[in-house]
Amino acid sequence: MPPAIEVVGVTKIYRRYSRRRQFATLKSALLSGTMLRDLRADETFPALRDVSFTVPQGATYGVIGRNGSGKSTALKVVAGIAKPTAGHVRVQGRVSALIELGAGFHPEISGRENVFINGIMLGLSKREVARRFDEIVDFAELRDFIDAPVKTYSSGMYMRLGFAVAIHVDPDVLLVDEVLAVGDESFTHKCLDKFAALRRRGKTILLVTHSLNLVERFCDEALWLEAGTAKISGDPRRVVGAYITAVEHGEERLLAAENARAREDAASAPVESVPAVSDPVTGTEAPPADGFRAAEGRWGSREVEIAGVRLLGGDGQAAHLFHSGDAVTVEIDVRAAEPVRDFVFGIGIFNADGVCCYGTNTDLERFESEELSGSGTVSFAIERLELTEGTYKLDVAVHKRDGYPYDYHRLLYTFRVKSRTKDVGIYRPRHQWRFSPTIRLRLVLE
Amino acid sequence: MLRNLAQLVRYRGLIQSLVARELKARYRGSVLGFFWSFINPLLLLLIYSFVFTVVLPGTHPAELQPFALFMFCGILPWTWFSSSLIEASNVLMSGGNLIKKVLFPAEVLPIVTVLANMVHFLFGLPILAAFLVYYRVPLQFSELAWFPAVVAVQLVLTIGLALIISALTVHFRDIRDILSNLLTFWFFATPIIYPMSLAPAGLGRQLLNLNPFTHLAVSYQEILFYRGPFGHWKWLLALGAASGAVFFAGYFVFDRLRDSFAEEV
C-alpha cells in the first residue's frame, strides 16, 4: 500500500517583502524593462528546507514546532495550496484541509447556501452536499440559524459551520491546522470524536498543533520542525520530549539574558539612592503591604556590595529554569570595602503577581553576624524547590540588623519553574494520595 | 495548461453556484432586489435619451432614430465588458482567502465575474427588446440568429482579457487604476455613442477596425438596430478566431502565474 502522504526533499522559499519590492509597480517594471525578472524574488526566505516525511495510510501524524517554524507551510504544501520550490509531494486520495474554517463563506447569503457552495468548493457534488446537509447542520448545532445570513453568525457559529462542512467532505486525507482552538469545550470534544471516527475508518490525518498533549495522546507519529528543517520524527512521546527540552533551553537562554540585563541596570544604579521602602524580608519597619510592592531596582549604601548572584541547578551548573522539586542553590558573591560587624543576608522569592512566596534572612534564623571583610560567597541551598509552575523573581539583600540597606537587589533575578502536573497555587507540598480499598483509581502514566 | 483547462470543465458546478451566489449576494438586502438588473439599464437609457434629445440635439445623424436606442445597443454589451474587466482586476485579491486557504482553482474567480456580469447583460435585454418593439424596429429572424454568436464571441474575448488582467494585477496593483482610465478611453474609441459611418475614412477607420469591441458593437447595432441583412459577419468570425487566441493566451498567462497567487494576494 503506498503511503498516504509522501513529502520528499521539499524546500519552500517565500519572497520577503523588502521596501523596494513592496512598491514595485507596473511603471517601474516597464521602465527598467525587467517585468519578468521582477516577478522573480531577489530577497527570499526559506520557510521549509529539504523536509521529507512519509505518512502511512490510516496514520495520524502530528507536526509540532515553534511559531514560524514552517508547520503551516508544510501543511499548505501537502494540501497543494502552496507549490514547493524544490522537491515533490505525493498525496493519495481526496484531501480536505482545515486551514481556515469557513474561508469561502460569503457573509451576505444564508448558512444553507454557504454550506452548498463551500461543499462544492471542497470537491463535493451538489447531490453529495444535499445528502449530507442534515448531518452537517446537526453537527454544527445550527438548525435554528441555517437560513440566516452568515454575517449575523457569531464567530463560534461561523467556525462550527466551517468545520462541519470540511469534516463531512469525507476526505481520505484530512489536514488540520490548529483549528481545535476554536469552539467551546464540548465542540472540541465533538471534533476529537470525529477525528477518532475518521481514524477508525482508516483515514489519514495530518495535524499541525501547539497542543503537545494532543500529539502525545492522539498521534501515531510526530515530526518536529525547527526553522524550516525537520529536527526529528518518530514516536510522538520522544519527539514531544525532545521539543520540550529544546523549548526549555531556549527559555533558559532568554532568562539568562534577561537577568544579565537586570544586573547591568542594577550595577549602574546610583549608590546613594535609598528609597523609603523598608526591608520586606525582616519586615521590621514596613507594614506588610509594602512587602508586596513589586518595584524592581537596587539601592543601598554599598558598604557591603553584592557583586554577583547565581542560580545553580542540582548539578552545580548555572540555570534559570527548574522543575518543581529540583534542588536549587542561590549563590551570592559579596564584597566589603571595610570590614563590617553588623550585617544580615536576606532572600525573598516572589511570584509573577508580586506575592511573596517565601522570605528569610540570617537574622531571623538566629545567625549573629561577627565579621565580614573582603570578598566572600554566601550559598542558600534549597533542597527541593516545591513551587508550582510559573515565573518567579528573587530579592537578594545585605543590610544591617535595623534594616539599614548596604545593598538591596529587588526582584532583579528571574527564574522559571516547570511542571508536568498542572496543579494550581504557589506551594506544592510533598504529598501522596491514598484511597481505601473501596475506592478504585488507576494512575495513567504518560 | 491543457490538463488544467480540461479540469475547468469539472468545476462547472462550482462556477454555476458561484455565479448564482454572486447574483444573490449583490442585491441581498435591497428593496427592489433583482429588479435593479432591469432598472439600471433602463435608467441609463433614459439618461442618454435625455442628453441626446434635449441637451445635445442634432449631434447625431438624423437617420439614426431613436438615437438613444442606437446607443443602448452598444452600451449594454459595453457595460458587461467593462464591469467584468474592472471586477476581474480585483477578484483575486478579494478572493484571497480562497486562494490561500482552500485548494481552489483560481481561474474560476475571473470567469465567475464575467459570467455574473453576462447575466446582468441578459437581464437588460428584455428592456432593450421592449423598446425595440415600441419603436417598431423591424427584427428579422435570420439576423437574430447571429445574436448568440456575437454574445459567445464577446464572452470568450472578455474571459480571455479577464484572465490576463486578474493574474497581472496580483503583481502590479497599478493595473486597477490604469484599467479604469483605459476603459473610459476605450469607450469613446468605440462606435457606441456615434455610428461607424461617422468615423473619418482612412486612418481613423482603420484604427477603429483594430479595436475588437468595434466589431462587437457594430454587430449588435446591425442585428438589433439597423435594417437590412447582417453584413458584418466576416469581421465577427475573424474576431471570434482572435478571441479564441486571446482566451488561450490569457489562460496561458494565468496558468504561468498561478503558483504565485497564494503568496502574493
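The following dialogue explains how to read several features of this predicted two-chain model.

Me: What kind of model is this, and how are its residues and chains labelled?

Reply: Residues are numbered from 1 along each chain as its sequence is written, and chains are lettered from A and ligands numbered from 1 in the order in which they are written. The model is predicted: local features need pLDDT of at least 70, side-chain atom pairs count only at pLDDT 80 or more, and totals for chains, interfaces and linings use all residues.

Me: How many helices and strands does chain A have?

Reply: Helices (H or I, at least four residues) and strands (E, at least two) are DSSP runs, numbered from the N terminus. Chain A has eleven helices and 18 strands.

Me: What percentage of chain A counts as buried?

Reply: A residue is buried if 20 or more other C-beta atoms lie within 10 Å of its own, exposed if 12 or fewer, and partly exposed in between, with C-beta atoms placed from the backbone. Of the 446 residues of chain A, 35% are buried.

Me: Which residues of chain B are in contact with chain A, and how many are there?

Reply: Two residues are in contact if their C-beta atoms, placed from the backbone, lie within 7 Å. By that criterion, 22 residues of chain B are in contact with 28 residues of chain A. On the chain B side, the elements giving two or more residues are α2 (12-27), α5 (96-101), α9 (174-188) and α12 (233-264). The largest share, seven residues, comes from α2(B). The side of chain B that touches chain A then has ten nonpolar, four polar and eight charged residues.

Me: What does the length of α2(B) show, and against what do its buried residues pack?

Reply: The expected span of a helix is 1.5 Å times one less than its number of residues. For α2(B), with 16 residues, the distance from first C-alpha to last is 23 Å, close to the expected 22 Å. Its buried residues are B:L14, B:S17, B:L18, B:V19 and B:R21. They pack against α5 (111-121) of chain A together with α6 (108-134) of chain B. Just after α2(B), B:G29 takes a positive phi of about 95°. As for α6(B), its 27 residues should span 39 Å, and its end C-alpha atoms are 39 Å apart, which agrees.

Me: How do α3(B) and α6(B) cross?

Reply: Axes are lines fitted to C-alpha atoms, for helices over the stretch in contact, and angles run from 0 to 180 degrees between N-to-C directions. Helix α3 (residues 35-55) of chain B packs on α6(B) at an angle of about 65°, with the axes 8 Å apart. A crossing is left-handed if the near helix is turned anticlockwise from the far one by less than a right angle, and right-handed if clockwise; this crossing is right-handed. The contact is made by B:S37, B:F38, B:P41 and B:L42 of α3(B) and B:H120, B:F123, B:G124 and B:I127 of α6(B). By class, it has five nonpolar, three polar and no charged residues.

Me: Which residues touch the most other members of the largest nonpolar core?

Reply: In soluble globular proteins, nonpolar side chains tend to be buried together. A nonpolar core is a set of buried Ala, Val, Leu, Ile, Met, Phe, Trp, Tyr and Cys residues joined through C-beta atoms within 7 Å. Of the 138 residues in the largest one, A:L75, A:V78, A:L175, A:L206 and B:F72 touch the most other members. Its largest share, 16 residues, comes from helix α4 (residues 67-94) of chain B. Apart from it lies another core, of 32 residues, among them A:W299, A:F345, A:L412 and A:F415.

Me: Where is A:R366, and is it buried or exposed?

Reply: Most residues other than glycine have a negative phi. A:R366 has a positive phi of about 65° although it is not a glycine. It is found in the loop between β15 (356-361) and β16 (372-382) of chain A. A:R366 counts as exposed because it has 6 C-beta neighbours inside 10 Å. A:R302 also has a positive phi, near 65°, and is found in the loop between β10 (297-299) and β11 (304-312) of chain A. With 18 other C-beta atoms within 10 Å, A:R302 is partly exposed.

Terms used:
Ala, Val, Leu, Ile, Met, Phe, Trp, Tyr, Cys and Pro count as nonpolar, Asp, Glu, Lys and Arg as charged, and the others, Gly among them, as polar.
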